[in-house]
Structure formats: C-alpha cells, structure tokens
Amino acid sequence: MIITPVDSKSDLFTVSDIIPQSLLEEINRLDLYSIPWTKEQWQQEYNRKRLKPCSILQKVDDIIKSNLDKINEITLMNAEGCATGFWLDGPGFTMTSHIDNSDVFASMQLFLLDCASCPGTKFTFTGADRHVFDHQKNTGYIMINGLDQHHEVAGSVP
C-alpha cells in the first residue's frame with residue numbers, strides 16, 4: 001500500500017496498491033449487476049447503486065480494516081474504525097462540486113475496475129484545481145473532510 005499526500009496541507013492523499021492482484025481478478029469476474037443493491041442515502045436521484053455485501057466485497061472490507069493502523073500512521077488520523085460502501089455508478093452518473101456531510105470525518109475512495117473512459121474525482125481549493133484522481137484500478141484517495149474539501153466527478157460515466 002502506498003499513501004502519499006498531494007501537497008503540504010496533508011489532508012488529501014493518493015492511495016495505490018492496497019488490494020492484492022488476485023482479489024482484483026476476483027472482482028473483475030463478478031457480475032456487478034447481479035449483486036443486490038440499494039440506493040445511496042441522500043443520492044436517490046443519481047444513477048448510483050450501493051452494492052450489498054457479498055463474499056468478495058467482504059474481502060476488500062477486511063483488507064481495508066486490516067490496514068487501518070498503517071493508514072492512521074501515514075495520514076496522522078486517529079480513526080478507530082471504518083465502514084465501507086461499494087458503489088456502482090451507471091451511465092450518465094456525475095456529481096457536481098460539493099463537500100461531504102460534516103458527520104464524515106474522512107473517506108477513502110478506491111477504483112476497483114479498469115475503465116479508461118470513466119471519470120475520476122477532481123478536488124478544488126479556493127476555486128482552483130487542486131488535484132485530479134484519474135480512474136485507474138487499485139488507486140484512489142483518502143480525504144480528511146473539511147470545509148475546503150470541494151470535490152466532484154471529473155466528467156460523467158459513459
């Protein structure tokens with residue numbers, strides 16, 4: 001697992017190589033559209049499904065939780081636990097610039113599938129681009145939430 005701050009603010013980090021290749025291959029074989037799902041709270045109007053846990057996704061959850069101490073050490077957070085959610089964004093999905101709910105202390109987003117034409121996530125700071133996380137398998141970000149963590153989908157899902 002590689003975690004690196006994107007700048008000196010140390011509240012936004014790139015993440016890569018957290019999921020083993022063998023598990024990524026299992027995920028690639030999943031028929032994601034056959035997994036039971038629900039609508040994401042406060043996002044009912046979006047073309048987004050929150051996948052319900054299955055054995056393979058549970059493995060991802062276990063890996064993230066087993067790395068929480070290392071994540072805390074690198075990011076200087078003091079998270080005592082974490083919850084995972086798995087989203088499947090459908091065609092046309094996009095989300096405009098926003099900050100997350102203040103109840104969210106931090107979040108980590110990982111791209112688990114290849115999709116060269118899928119948008120990543122763009123962060124801005126005081127109206128200027130801060131960092132764009134491209135949609136690349138086994139990469140993503142950790143964001144410590146705050147009033148200046150404006151982010152959006154950098155396009156729309158094909």
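Modeller: Two strands pair if DSSP finds at least two bridges between them. The structure discussed here is a predicted model.

Biologist: Which strands form the open sheet, and in what order?

Modeller: Three strands form that open sheet, ordered β8-β7-β10, with antiparallel pairing. Strands β8 (128-133) and β10 (150-153) stand at the edges with a single partner strand each, so one side of each is left without a neighbour in the sheet. From one strand to the next, the twist averages 25°.

Biologist: How many bridges join β7 and β10?

Modeller: Strand β7, residues 121-125, pairs with β10 over four bridges in the antiparallel sense. At the residue level, H150 in β10 is the bridge partner of T124.

Biologist: How is a pair of aromatic rings described?

Modeller: Such a pair is described by the distance of the centres and the angle of the planes. A search of the whole structure finds three aromatic pairs. One of them joins F123 and F133, with 5.7 Å centre to centre and 80° between the planes, an edge-to-face arrangement. This pair links distant parts of the chain, since F123 lies in strand β7 and F133 in strand β8, 10 residues apart.

Biologist: What arrangement do F133 and Y141 form?

Modeller: The pair of F133 and Y141 is tilted, at 5.1 Å centre to centre and 40° between the planes.

Biologist: Are the residues F123, F133 and Y141 buried or exposed?

Modeller: Buried means under 20% relative accessible area. F123 has 0% relative accessibility and therefore counts as buried. F133 is buried at a relative accessible area of 5%, and Y141 counts as buried at 4% relative accessibility.

Biologist: Where does the charged end of R48 sit?

Modeller: The charged end of R48 sits over the ring of W87, 3.6 Å from the ring centre.

Biologist: Which residues of the largest nonpolar core touch the most other members?

Modeller: The largest nonpolar core has 24 residues, and those touching the most other members are I19, L23, L51, V60, L110, L112 and I142. At least two residues of this core come from each of β2 (12-16), α1 (21-29), α2 (55-66), β5 (86-89) and β9 (139-144). The largest share, five residues, is supplied by α2.

Biologist: What is I142 in contact with, leaving aside its neighbours within four places in sequence?

Modeller: The contacts of I142 beyond those neighbours include I3, D11, L12, F13, V15 and I71. Further contacts of I142 are T75, M77, S107 and M108. A second, separate core of five residues includes L12, F123, F133 and M143.

Conventions:
Residues numbered from 1 in each chain as written. Predicted model: local features only at pLDDT ≥ 70, side-chain atom pairs only at ≥ 80, totals over all residues. Heavy atoms only, no water. Axes fitted to C-alpha atoms, helices over the stretch in contact; angles between N-to-C directions. Phe/Tyr/Trp six-rings, centres within 6.5 Å; stacked < 30°, edge-to-face > 60°. Buried < 20%, exposed > 50% of the residue type's maximum accessible area, 1.4 Å probe, protein only. Lys NZ or Arg CZ within 6 Å of the ring centre and 35° of its normal. Core = buried A, V, L, I, M, F, W, Y, C linked by side-chain atoms within 4.5 Å. Contact = heavy atoms within 4.5 Å.
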